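Opening the notebook on this one.

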Number of protein chains: 4
Amino acid sequence: MPNQYTKPLEREKVFRDPVHDYIHIRDRVVLDLIDTQEFQRLRRIKQLGTASYTFHGAEHSRFTHSLGVYEITRRIINNFVRNYPTQTPGDGLWDDRERLTALCAALLHDIGHGPFSHTFESIFDTDHEAITQAIITSSDTQVNQVLRRVSADFPAKVASVIRKDYPNQQVVQLISSQIDADRMDYLLRDAYYAGVSYGKFDLTRIIRVIRPYEDRIVFDFVGMHAVEDYIVSRYQMYMQVYFHPVSRGMEEVLRNLLQRAKHCFYNRGEDFRSASAALQPFFANDWTLKDYLRLDDYVMQSFFNQWQEDADPILSDLSWRFLNRKPFKSLLTTAGESLELRLALQKEIDHYGYDPEYYFGENASLDLPYDYFRPYQSNARTQIDLITKKNQVVELSQVSPLVNSLTGRERGDHRLYFPREVLHAIEALPESELNPNQQLILKAHKEETNDVTHHIQQRLF
Amino acid sequence: MPNQYTKPLEREKVFRDPVHDYIHIRDRVVLDLIDTQEFQRLRRIKQLGTASYTFHGAEHSRFTHSLGVYEITRRIINNFVRNYPTQTPGDGLWDDRERLTALCAALLHDIGHGPFSHTFESIFDTDHEAITQAIITSSDTQVNQVLRRVSADFPAKVASVIRKDYPNQQVVQLISSQIDADRMDYLLRDAYYAGVSYGKFDLTRIIRVIRPYEDRIVFDFVGMHAVEDYIVSRYQMYMQVYFHPVSRGMEEVLRNLLQRAKHCFYNRGEDFRSASAALQPFFANDWTLKDYLRLDDYVMQSFFNQWQEDADPILSDLSWRFLNRKPFKSLLTTAGESLELRLALQKEIDHYGYDPEYYFGENASLDLPYDYFRPYQSNARTQIDLITKKNQVVELSQVSPLVNSLTGRERGDHRLYFPREVLHAIEALPESELNPNQQLILKAHKEETNDVTHHIQQRLF
Amino acid sequence: MPNQYTKPLEREKVFRDPVHDYIHIRDRVVLDLIDTQEFQRLRRIKQLGTASYTFHGAEHSRFTHSLGVYEITRRIINNFVRNYPTQTPGDGLWDDRERLTALCAALLHDIGHGPFSHTFESIFDTDHEAITQAIITSSDTQVNQVLRRVSADFPAKVASVIRKDYPNQQVVQLISSQIDADRMDYLLRDAYYAGVSYGKFDLTRIIRVIRPYEDRIVFDFVGMHAVEDYIVSRYQMYMQVYFHPVSRGMEEVLRNLLQRAKHCFYNRGEDFRSASAALQPFFANDWTLKDYLRLDDYVMQSFFNQWQEDADPILSDLSWRFLNRKPFKSLLTTAGESLELRLALQKEIDHYGYDPEYYFGENASLDLPYDYFRPYQSNARTQIDLITKKNQVVELSQVSPLVNSLTGRERGDHRLYFPREVLHAIEALPESELNPNQQLILKAHKEETNDVTHHIQQRLF
Amino acid sequence: MPNQYTKPLEREKVFRDPVHDYIHIRDRVVLDLIDTQEFQRLRRIKQLGTASYTFHGAEHSRFTHSLGVYEITRRIINNFVRNYPTQTPGDGLWDDRERLTALCAALLHDIGHGPFSHTFESIFDTDHEAITQAIITSSDTQVNQVLRRVSADFPAKVASVIRKDYPNQQVVQLISSQIDADRMDYLLRDAYYAGVSYGKFDLTRIIRVIRPYEDRIVFDFVGMHAVEDYIVSRYQMYMQVYFHPVSRGMEEVLRNLLQRAKHCFYNRGEDFRSASAALQPFFANDWTLKDYLRLDDYVMQSFFNQWQEDADPILSDLSWRFLNRKPFKSLLTTAGESLELRLALQKEIDHYGYDPEYYFGENASLDLPYDYFRPYQSNARTQIDLITKKNQVVELSQVSPLVNSLTGRERGDHRLYFPREVLHAIEALPESELNPNQQLILKAHKEETNDVTHHIQQRLF
């Protein structure tokens, strides 16, 4: 890439960062990417969606996380250049001509995220990964214009890294594998902002032991415990923070709220449509990239704010619940048992005057903390390999009992969500007057707070 | 306050907090206040306004800060109860019947803040302190309803603490003095989120040495260095973070943007008005508390988002600048010299096609890091007093050279703001073609980057 | 214990501590115990023996650790008093009359430790636990005199807690169980001083969830992840810090050094005896408590310093090695294979001019990270029980896959130690000239650095 | 220095460090220096002498500090090489041929320290700076042998840096100026180990803004606040930690103890001499470098341990006081007033049966927190200069009010030390029976605890 534009900045620029101390920027293209409107938009999208309703400190945006992923990638590459520079093509060492591609892919890997991605995508059928690629390759975006200054094919290269079909898989794995710059930044950052200790691991050490090898990224055997610690941290963050039942209770409110807004769009007059102009294309399932980029948490919450006073009682109530943090209550269940409990709940929801279509949610949050490569399985994972001084390679779970205990089995739980008021109403009834549905609900509620066997059977965490 | 409602919770509730580890809640009334819509609204108002455009990590809300102020107050009072409980009325020790009043005032002290308070207030002539009191005393709010459950006069008492005319001045000073729970939380919290080390001081030690004495709060003499360190931290946070020229450059964009929107309101048709319904009462200077409580950062930014595509080119451009972080550039000046430079700048702003009414700003940010009590001065400060084991009292700046060096003199600077494009255009001119205004502007620009004498004379920081 | 001496101090005293911020002292007896010469002596005994030869920052003493154990115990008890005070005898809640007994036992639990305890005990057949009890109960010590001021039977009570036969087993388990104040302090403290992140866990949370229940200590079910995290931290500290092969290489030097000194005592003249007066009673296996209390790291190292110039070449060389950090080199082995390798090593050690009796060591360091109670096993462990809101109890490894993976199986390794010079000499030989012993040694060395299978088979960590 | 020995290590070696995370070693010579017996001896010398008797966590050695100074120097040089490499001789930029000289000087700058240097030097008239140079240049030491492997004149060059007459003053100032690697490490490290927050400042930022300029080291003007913060931290550490009256009370015990041992040496028989062989050369004021290198804290404390049981009651009592932390009590005084108080104290010390020659101490601890260069003053300091982007230079106190308040005036206090028992005895007397000396002593004692004016006049801190 011999190009006037790819020369390093005359003077390195730094941003103060609470997690990495400083973010160091030495390339004009990186600076210009940060200045694009598509990237600045990430300031207006929270990294953790509804998690700040449980961990109030976790109000950070995808902007800060994206800078962090860039910085970790930069540090790893610096180490590669110093210790593992390629000598001859195909020697499996680091080819530093990949540097800018890797840095840009790291910085932009989340640029397609929209507000409350998880929930939004399930309702409006959007796909943030596809949008990330569109932003990079579409000639309408500022991001694309900046990237093209490097070279005409540069946007395509960066998009290919995101899509994971870039020829140099070392670059791909830096950004996306079971231990990559993305995950490492979000664990550290989310833990920092939430104020929990679980997400901490020894990043400096991991950066020291990570290395290019053949067509992939591996880890020095001596760094095994640091990698193990990272896997354990990741597991604990999922169990303790990401899957917290109360945050999911807020997500369920949100899901129903968006569902109801869509319903209003189809069933209400022009005034509702014009008052929610920015969302119309999504209700109508006919949107452009430009429509998408107009959205952010601010626009969404501003609608909720407005809808609080809407004439539709369900839309208004759900908006109020979301804005004022009134999460749905949940009951733990299992795939096998959920049907009966779901029916009971829906009956009672209806009985107490709520529309079960908008006051009920089912949420199974599951994560596979780690897995080795399973060749015959679709979507097989790139396993974590350790390498000895003499280039003998061993897969992580073979040598770590901790990781082994987390390998190959999904962890999480399955919950049914509904208005807390329904439970309160049932609890207020005399025991003799409870109908079978109410009895079932109360039993599930009590088992959750009291019965440990119940937890174990249901593999709670 | 013998009241069913004021009994402690059966089981203490805690919120995880990155600054204080945990926020401990033992009173139902505190929990209920947090659940009110007025308090939940603070989640949608950033603590530091535009500072996150310079320190990207500082995206935290007034919600987290308010919890922190409550928690510090709670810890101080716990210490008072253990070590300085009143024995006889008027003995200057802590009367624990004030506990709930102090805690509620601490929690609610910022509840009247709106989006981008500083700028908003200067344009729309609102006053967040008056609004705080209105929220507490107006019978329409949920906050008031919760407070009234304690006793009919409880809202008035809490408001009186905020207004500083509460009879027990110890309670007032806990929340509002030169070293109070409010300032201590925001220094620690803003430093944590911004990722700077300047704001850190030894809170645990200060809580140990703070004590009630006569009609005020004083500090054990042995804790002098911890208090000194707090004053120094405060000074450094103002100089380094709060007064950062770039954040102020964003504020100047915002100020002009709001000014222009107001202009549009008076000069445009009904469509502009209806599209900015939530702001109308403020444009018209005829708003209610309910109007005010509908506002937050989300609503505001959502307007900017919409206005980016407005027909008014100035409104659209300024909205774009704000959303995409294009701060105004600044030149350092002094009260004495600013007139000439201002005129030159306004000429050139106009010359390059910008309307000086909306593309110029003047901002003097000054802070008095500390002062002793000056009886003949209006708005005199409560000084910080240290007390020896034998109850001899001495004012802080008398014994601390560091504090003395910061006493009684305002620190900060005075800057003129304008579009960066204007400076770039002038810099691109051949020197021979510069007119006197352009020369003056360039000279000021160069002096700022190069001439230290200039800094000293202008008492930069 | 109604006694003038047991009234709280008029003013709490605090010591600054890097791990717990402050150590709070509210009882005269605690203050007086700290001032005794037996307790002050702990300043001169390193907490981690030879570990600072690997982790140079870990130079802290048993004095700081003992204060930390006291402080954690104090915080737990404070929480018990607030939340679980006994109402009627035998209700399984906390009886605060046990407070002082628990605090003194916590403070004194390690007072019988001597210099390099582990190694010293193996050579001189001392027992620090027995000595701890002797210091507490022997009327000659200052510790005993202080304790007796509380009541005549107080020393016996404190000793009984240490001996674990104290009637109230809650007190015993606070100080000594699989998750007690002792372990919690040393993990946090050793990690802090060594500068590693592995030992960190959420102490505040654990203190919140620990509770008295029936005749033991249990943990709220909701705190499961914090307890799990503690077990994982403990495992990692053992694997990474406590069992580090290099620290053990220094221990092996020390063991041989002390062995040789003992040999000299029996085989040399009076001058050697008089020059090592303080150690004589131990060489002769006829020592008193007073002799023991005269020892500390300083006295020991001072002997080594002196012995560096001793006429005995082995004693002098080993002293030099220890003082100047020349650890023995090690080879990994297994119980099954060690015999052959040991013989080969001893042959070669001898061949290169070293006396195998003093230049060889065998060290199997194994730890059981966690186990549940196994009734038919001697030395069965008190398991960690979790308790639900409805008092249902479940053992930790039943609900934590992480802990389960570490349960019931010892972790660590088995190593043979010898002078590094021997390996260097063998490595310098041409391959064709290697004898079978040398071949075996080189093979073991290479397998350790290269062969991962070897590691797995031998359950390295 | 083109030499086989100066090539970088094949694989960088790292030591885990709590302050700098890792110490990175890339040169064989540095590794070999660490392995010398003179450097390993620093493990046995506490960095802060008696301070751990006040801040119990501060037990770290000069070994860890020396590694830290090396590491900071290394990081600064790395930054120099990247940003300010010399182009032509004499251009004032960094000449990287100085690298190894600077690193070795940094590592070795404290190698001449002995046990309790401050006190030891005052009694035995040793000089640790001269000894540092001797260790470097004397052909008997391992340090010298390692250095000579680089080149024959290398030891002289390193010594010259320590002596501050090395031609390249940039190298000198890195190790020794008002803001150098030595001070930066000890502030951070001492604060970390003591557990106080005062010593913290933004090292990363300072390393970013430090730069070579002409014949010295200067700081980017934009880093002014970080440098200011460092000066303030330094001041606070002196006032709060280094000058703590209790640590000095231990030093006074030590001083008298060594004085008494010297007396015994001249007045007792051969048995005392032989039992204190290692100290004899110092008592006799006739010692060699080898004698000096045999000393460390361990040897010294071992003597105290032995002397506790010595026949000389003064030596025995003072040894006991030191080992068991019984500091002398102090009274604050001033140069002007000390005479009268001193006489009174000595009278009373004698009156209560203590020998005033060994039970009295006078200690004025004063520090000049910062000063600008004063050309007509001997021992003038290298001032701290800031430099603008256009190379305009300004001295720090000109632009920082905080630093200005600390400039050019010594801070500290002057105290008289004596056995606490004497004060207790006087306090126990009825007021009517107090003689004038006793009255004076009590008055001074009361004024110190109560009278703030007294503090101010005496410029206490």
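**Chain A against its neighbours**

I started with chain B: 30 residues of chain A are in contact with 30 residues of chain B (contact means C-beta atoms, placed from the backbone, within 7 Å). On the chain A side, the elements giving two or more residues are strand S1 (8-17), helix H2 (37-40), helix H3 (62-83), helix H10 (181-194) and helix H17 (297-307). Elements here are DSSP runs numbered from the N terminus, helices being H or I of at least four residues and strands E of at least two. H17(A) gives the most, five residues. By class I get 12 nonpolar, 12 polar and six charged on that side of chain A. For the classes, Ala, Val, Leu, Ile, Met, Phe, Trp, Tyr, Cys and Pro count as nonpolar, Asp, Glu, Lys and Arg as charged, and the others, Gly among them, as polar.

Before going on, a note on provenance: this is a predicted model, where local features need pLDDT of at least 70 and side-chain atom pairs 80 or more, while totals for chains, interfaces and linings use all residues. Residues are numbered from 1 along each chain as its sequence is written, and chains are lettered from A and ligands numbered from 1 in the order written.

Next I looked at chain C, where 30 residues of chain A are in contact with 30 of chain C. Helices H12 (224-242), H20 (396-399), H21 (401-406), H23 (436-450) and H24 (452-457) of chain A each give two or more residues to that side. H12(A) has the largest share, six residues.

**Chain A overall**

I find 24 helices and nine strands in chain A. Its radius of gyration is 24 Å, close to the 23 Å from the globule rule for 461 residues, so chain A is as compact as a globular protein of that length (taken over C-alpha atoms; the rule is 2.2 Å times the number of residues to the power 0.38). The C-alpha trace of chain A spans about 80 × 55 × 40 Å along its principal axes.

**A helix pair in chain D**

Which way does H13(D) run relative to H18(D)? The axes of H13 (residues 245-267) and H18 (residues 313-323) of chain D come within 9 Å and cross at roughly 150°, with axes fitted to C-alpha atoms over the stretch in contact and angles running from 0 to 180 degrees between N-to-C directions. H13(D) and H18(D) are therefore roughly antiparallel (over 145 degrees).

Methods: Two residues are in contact if their C-beta atoms, placed from the backbone, lie within 7 Å. Angles under 35 degrees count as roughly parallel, over 145 as roughly antiparallel, 65 to 115 as roughly perpendicular and the rest as oblique.
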